[in-house]
Amino acid sequence: MSTLPPGQVERASFPRFGLGKFARRFPATPETIAVRIAGDVETDVRLDAARLGTVPRATQRSDFHCVTTWSVRDQAWSGWRFADVYERLIAPVARPHADARFVVFRGEDGYCTILLLEDLLRPDVLLADRLNDQPLGIEHGAPLRLVAPAHYGYKNVKHLVAIEFWRDRRAYRFPFPYPALMDHPRARVAFEERGRWIPGAILRRLYRLIIPFTVWNFSRALAAHRTRTIRDAKI
Ligand SMILES: Nc1nc2c(c(=O)[nH]1)N[C@H]1C(S)=C(S)[C@@H](COP(=O)(O)O)O[C@H]1N2
Ligand SMILES: [Mo]
């Protein structure tokens, strides 16, 4: 099997993970895809399952690399290639400004990050609604998430509700109170672009310390959410 990118360590199972602020936030309607296309565009557009269904479905197996150094191998994603969605449903309808190359992704939980359009148009970037032959669960980003395996997990936004195309990268800020140094503009795994200003080889040592607590925190929050959902269904 291929070797892992620099500083990454294989993990047997795929944990629910993220920034602590978002551990207790879950999508209100995890079955319904509704993504607003906005920013420096001529017309705001809404993508839903019916619109996405007009684009051929794509599947791929890829590894997933969290910036904190854990990687899971060979996940089977299914959804639509970002490039296909951009060419068929976004560019002709929303008509983003020709210079709008900064793309902000927003999750229903308030999480957001930025990527470059040229990185998103590569063939391994998906908008996924299925994982390992199952509908995507809330732990991994239902109803729809970005899958960009060449970029650290924090660019793979879950619970997508908006995609914005901007000419100016200052149209956006990494979620408060997390420092901008945690959000590299590209975050390419192969170049160990873990964060800005601080070398990846230093950040990896700090980040790996927070894995056990974060995995525990996110899984406990999910268990509490499931208990709540079952209780509410009985009332
Ligand atoms: N909406 C949303 N997307 C998010 C996050 C988040 O907290 N909220 N965390 C990011 C981080 S840091 C990682 S490693 C991956 C984790 O994805 P997983 O929960 O499917 O393992 O989601 C990324 N996308
Ligand atoms: Mo992450």
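Is cysteine 112 buried or exposed? I began with this residue in the predicted model. I found cysteine 112 at 3% relative accessibility, so it counts as buried.

**Entry 1: cysteines**

I looked for disulfides next and found zero in the structure. Cysteine 112 is in no disulfide, and the nearest cysteine sulfur, that of cysteine 66, is 17 Å away. The cut-off for a disulfide is a sulfur pair within 2.5 Å. I noted that cysteine 66 has 7% relative accessibility and therefore counts as buried too.

**Entry 2: aromatic rings**

I recorded twelve aromatic pairs in the structure. I examined the pair of phenylalanine 82 and phenylalanine 105, whose ring centres are 6.0 Å apart. Their planes meet at 55°, so the pair is tilted. Phenylalanine 82 belongs to helix α2 (residues 82-94) and phenylalanine 105 to strand β6 (residues 102-107). The pair thus links distant parts of the chain, 23 residues apart. I found both phenylalanine 82 and phenylalanine 105 buried.

I also noted one aromatic cluster, formed by Phe14, Phe17, Phe64, Trp70, Trp77 and Phe218. At tryptophan 80, I saw the charged end of arginine 57 sitting over the ring, 4.6 Å from its centre.

**Entry 3: salt bridges**

How many salt bridges does the count come to? I recorded 15.

I looked up arginine 167, which forms a salt bridge with aspartate 40; the closest N and O atoms are 3.5 Å apart. Arginine 167 is in the loop between β11 (160-166) and α4, while aspartate 40 is in the loop between β2 (34-39) and β3 (45-48). These two residues are 127 residues apart, and their pair links distant parts of the chain. Aspartate 40 has 19% and is buried, because the cut-off for buried is under 20%.

I then turned to aspartate 63 and arginine 73, whose side chains meet in a salt bridge at 3.4 Å, N to O. Aspartate 63 lies in strand β4 (residues 58-65) and arginine 73 in strand β5 (residues 70-81), so the pair ties together parts that are ten residues apart in sequence. I listed arginine 73 as buried because its relative accessibility is 14%. Salt bridges that share partners join Glu10, Asp63 and Arg73 into one network.

For glutamate 192 and arginine 194, I noted a salt bridge with the closest N and O atoms 2.8 Å apart. Both residues of this pair, glutamate 192 and arginine 194, are buried.

**Entry 4: surface**

I found a nonpolar patch on the surface formed by Trp197, Ile198, Ile202 and Leu206. Together they have about 440 Å² of accessible area. I located leucine 206 in helix α4 (residues 200-207).

Conventions:
Residues are numbered from 1 along each chain as its sequence is written. Chains are lettered from A and ligands numbered from 1 in the order in which they are written. This is a predicted model: local features need pLDDT of at least 70, side-chain atom pairs count only at pLDDT 80 or more; totals for chains, interfaces and linings use all residues. Side-chain values use heavy atoms; hydrogens and water are left out. Buried means under 20% relative accessible area, exposed over 50%, partly exposed in between (1.4 Å probe, protein chains only). Rings of Phe, Tyr and Trp (its six-membered ring) pair if their centres lie within 6.5 Å; planes under 30 degrees apart count as stacked, over 60 as edge-to-face and the rest as tilted. Helices (H or I, at least four residues) and strands (E, at least two) are DSSP runs, numbered from the N terminus. A charge sits over a ring if NZ of Lys or CZ of Arg is within 6 Å of the ring centre and within 35 degrees of the ring normal. Patches are made of residues with over 30% relative accessible area and no salt bridge: like charges are joined within 9 Å, nonpolar side chains (Val, Leu, Ile, Met, Phe, Trp, Tyr) within 5 Å. Accessible areas come from the Shrake-Rupley method with a 1.4 Å probe; for residues, only the protein chains shown count as cover. A salt bridge is a side-chain nitrogen of Lys or Arg within 4 Å of a carboxyl oxygen of Asp or Glu.
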